[in-house]
Amino acid sequence: MYDFANSGYTTVVITAVFGAYFVGVVAEAKPWATFAWTAALSVSYALILLTGPLIGAWADAHAAKKRLLLFSTIGCVLFTALLARVSPGQVGFALVLIVISNYFFGTGENLIAAFLPELADSRAIGRVSGWGWAFGYLGGLAALGLCLAYLLTSGRPSAEAVPVTMLITAGFFAAAATPTFVFLRERALPQPRFENPWTRLRQTLGEARKYSDLRRFLACILFYQAGITAVVSLAAIYAEQVMKFGMQQTITLILVVNVTAAIGAFGFGYVQDAIGHVRALAFTLVGWIVMVCLAGLSRDVTSFWIAANLAGLCMGSSQAAGRAIVGYLAPPARLAEFFGLWGLAVKAASIAGPLTYGVVTWVFAGNHRLAIFATGLYFVVGLALLRGIDVERGRRQALA
């Protein structure tokens, strides 16, 4: 249910609505607007990168994942609601709120991921991760649907209606996350030997060479997740700036893509358990490369819709696969800590991907097609790094 709840934030705020609203209305479509948006996201991801492993280590030491998850949820809900106060021209105010709200979101994402191996055994971890991502996309679909319904019925221009959707998104997150805090139990036991999170982090980094397959997979994540984050963060901006979509048309596109993403996450969870984690992820990375080529070359609405829905299928399956593989390769007694390292890799990628896109559009006079091809290279490198990973060998190392 938490995946269902928090996906409304990324779908509405980052992907579909506020990003395009920031570039086109708040920043008044200035040449630097896309770069400013990606820079703000990069700052928030850098903060998560620096603090994620420490928060994870502290959560393991005190068996406090649920407590910290509640705090991060309240923070994200509060600062998402404050986005409703942003007016055209208030660039600095908008960027500060995005940095803070996205920081709380990313911190909560790390913490909820650490519950995965407690809820599923190693044979079913792919399916359960897929269910989580599928429910997440359905949650994003529900939140975005509520926002679209408001935009269609309010009769107000976008400059007035979009801020209200931030309140809708914050309320949806708070309401949908409540069952998690009512029913989810903290199954972990305190680890008093590692009370000092700095000490534990140093130990984790020092012992990382013992987990060669996990280390290589984290490097793989660093690259392919950079491409995914760029697509997720800039999909609406690309649709409006290149394909000339309006706000309602863009939201409709993202709604449909969320359906295909949910199908991809749910279906590929079973495929992953059947054919193997690495092979399933390799298929999705090839799909991402094909999608980038289609989107970059699209000149008509039909081809762009095909590319967008291919991205949805690949997004759901690749993210479910990545989280499951980390859970499979991480030492069972140090899950929050190693998912902190997973979060570190994901957030480092989240800095590089959108920032690459933003820099290319700034340097090359708003050339979004060149920018998407540039970020597509991350998928190629990720696919190359995936070769040579043996998850069963890695699992044995984790259990040892």
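The model is predicted, and it holds two cavities of 30 Å³ or more.

**Largest cavity**

- The space in the largest cavity comes to about 810 Å³.
- Its lining is made up of 47 residues, and those that lie nearest the centre of the cavity are Thr15, Ile228, Val232, Met315 and Gln319.
- Divided by class, the residues that line the largest cavity are 29 nonpolar, 14 polar and four charged.

**Contact of α1 with α2**

- Helix α1 (residues 2-16) packs against α2 at an angle of about 25 degrees, and the axes of the two helices are 4 Å apart.
- Because angles under 35 degrees count as roughly parallel, α1 and α2 are roughly parallel to each other.
- On the α1 side the contact involves Val12, Val13, Ile14 and Ala16, which meet Phe18, Gly19 and Ala20 in α2; by class, the residues of this contact are six nonpolar, one polar and no charged.

**Val25**

- Val25 is part of helix α2 (residues 18-26), and its relative accessible area of 24% makes it partly exposed, since that class lies between the under 20% of buried residues and the over 50% of exposed ones.
- Apart from neighbours within four places in sequence, Val25 is in contact with Ala20, Pro88, Gly89 and Ala159.
- Val25 and Ala159 are 134 residues apart in sequence, whereas their C-alpha atoms are 6.9 Å apart in space.

Definitions and conventions. Residues are numbered from 1 along each chain as its sequence is written. This is a predicted model: local features need pLDDT of at least 70, side-chain atom pairs count only at pLDDT 80 or more; totals for chains, interfaces and linings use all residues. Side-chain values use heavy atoms; hydrogens and water are left out. On a 1 Å grid over the protein atoms alone, a cavity is a set of points where a 1.4 Å probe fits but cannot get out, and a pocket is an open set with protein on both sides within 12 Å along at least five of seven lines; lining residues have an atom within 4 Å of a point. Grid points are joined across faces, edges and corners, and a volume is the space filled by probe spheres set on the points. Ala, Val, Leu, Ile, Met, Phe, Trp, Tyr, Cys and Pro count as nonpolar, Asp, Glu, Lys and Arg as charged, and the others, Gly among them, as polar. Buried means under 20% relative accessible area, exposed over 50%, partly exposed in between (1.4 Å probe, protein chains only). Contact means heavy atoms within 4.5 Å. Axes are lines fitted to C-alpha atoms, for helices over the stretch in contact, and angles run from 0 to 180 degrees between N-to-C directions. Angles under 35 degrees count as roughly parallel, over 145 as roughly antiparallel, 65 to 115 as roughly perpendicular and the rest as oblique.
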